[in-house]
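Visitor: Hi! Could you walk me through this one? I'd like to begin with the salt bridges.

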Amino acid sequence: MFFNKKKIIASKYIIIIAIVIINIITVTGFESYLNKNFYVKASSSYFSILEPNITIMVGETDYIEIDLAADIPYKAKDLTWKTDNSGVVSVDGEGIITGISEGNAVITASMPDGSSENCSITVSGYINDEENPDKNIDETEEGDQDDYSETPPFTGLTVAKQMTIYVGGNGEWVELAYEPEDADEETITWKSSNPKVATVNDGLVIGIKSGTVRIIAMTPNNITSTCTVTVKKPQIVLEKNKAKLKVGKRVQIKAKCNPDTLPKFKSQDKSIASVTATGLVKAKKRGKTVIVVKANGVSKKFNVTIVR
């Protein structure tokens, strides 16, 4: 039996090429299948949505609250927001949603690393629908329908762009301006993007823990304005933290507390130096001691050296 060597070699090449093509198709096809059917954005370890299911009415505005993890490379402003059904609900760059028509939609919040969290929105019922007043469902907790016709509707609303507060204390009021002047300020509603960081009640913000939060003011006719609030841990700032005195001499400790409060003073050794309730230190005998300054759960040390 005779074999054509050229044909055999050609056949081997054809087989090799075929195997390569099959492998390419198999691998790329399988990867495409994986990408199409199995790729899902990972849930984020940087933040979470506090209310994954929200129900609002057509014409109503609300806010999707988030909880940022501590010590992360991103801030709330780095989030991007997207709705999968803009005909049902819209969302802006700060997570404020507005009901457009009855139905369901999913709002997705994403971090720059690609991780994301979802919030399911149900839009049901109507609010302030002039064309279909019989469909309006705008009632107070007592069951009486809200009526804002006695005062003019809001045409403008502005709050301070940003503010800094401290954990504890009596809180800080958000600066507020609105138009017209005779609109009813009491009908403005307030909401915190993260009540675990700061709460808000009628514009009074109280810090709960350090972090950044957005405070949203909303009028009955859905005009909104947002204030970015930075919450810091309580601080005590001393003008100076040590003094050298001769026996019989005095020095006043000057301390500024955030949040603002009166500090308490205590000498670790009253036989060397005493201190009054207002922070006036008196040198008694030679030696060294520490005056402890306390306020809002934090403390600072004022070192005293007494010489003859």
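Guide: Happy to. A salt bridge here is a side-chain nitrogen of Lys or Arg within 4 Å of a carboxyl oxygen of Asp or Glu. Keep in mind that this is a predicted model, where local features need pLDDT of at least 70, side-chain atom pairs count only at pLDDT 80 or more, and totals for chains, interfaces and linings use all residues. Residues are numbered from 1 along each chain as its sequence is written, and side-chain values use heavy atoms, with hydrogens and water left out.

Visitor: Good. Which residue forms a salt bridge with Asp 67?

Guide: Lys 196 does, with the closest N and O atoms 3.6 Å apart. Lys 196 sits in the loop between β14 and β15 (198-201) and Asp 67 in strand β4, 129 residues apart. Strands are DSSP runs of E, at least two residues long, and helices are runs of H or I with at least four, numbered from the N terminus.

Visitor: Is Asp 67 buried or exposed?

Guide: Asp 67 is buried, at a relative accessible area of 13%, while Lys 196 is partly exposed at 45%. Buried means under 20% relative accessible area, exposed over 50%, and partly exposed in between (1.4 Å probe, protein chains only).

Visitor: How many salt bridges turn up in the whole structure?

Guide: The search finds 3. Asp 62, Glu 65 and Lys 191 are linked in a network. Lys 191 meets Asp 62 at 2.5 Å, N to O, and Glu 65 at 3.9 Å.

Visitor: And where does Glu 65 lie?

Guide: Glu 65 is in the loop between β3 and β4 and Lys 191 is in strand β14, so their pair ties together parts 126 residues apart in sequence. Glu 65 is buried at 11%, as is Lys 191 at 15%. Asp 62 is buried too, with 14%.

Visitor: Switching topic: what's in the largest nonpolar core?

Guide: That core has 23 residues, and those with the most contacts inside it are Val 89, Ile 97, Ile 107 and Ile 121. Its largest share, 4 residues, comes from β9. A nonpolar core is a set of buried Ala, Val, Leu, Ile, Met, Phe, Trp, Tyr and Cys residues joined through side-chain atoms within 4.5 Å.

Visitor: What does Ile 97 touch?

Guide: Leaving out residues up to four places away in sequence, its contacts include Ile 54, Ile 56, Asp 62, Val 89, Ile 107 and Ile 121. Contact means heavy atoms within 4.5 Å. Apart from this core lies another of 21 residues, among them Ala 160, Ile 188, Val 213 and Val 229.

Visitor: Now the sheets. What strand order does the open sheet of 4 strands have?

Guide: The order is β20-β27-β26-β23, with mixed pairing. β20 (242-246) and β23 (264-267) stand at the edges, each with a single partner strand, so one side of each is left without a neighbour in the sheet. Two strands pair if DSSP finds at least two bridges between them.

Visitor: In which sense do β20 and β27 pair?

Guide: Parallel, over 5 bridges.

Visitor: Last one: what about Pro 153, buried or exposed?

Guide: Pro 153 counts as exposed, at 56% relative accessibility. This proline lies in the loop between β9 and β10 (156-159). Beyond residues up to four places away in sequence, Pro 153 touches Glu 179, Pro 180 and Asn 221.
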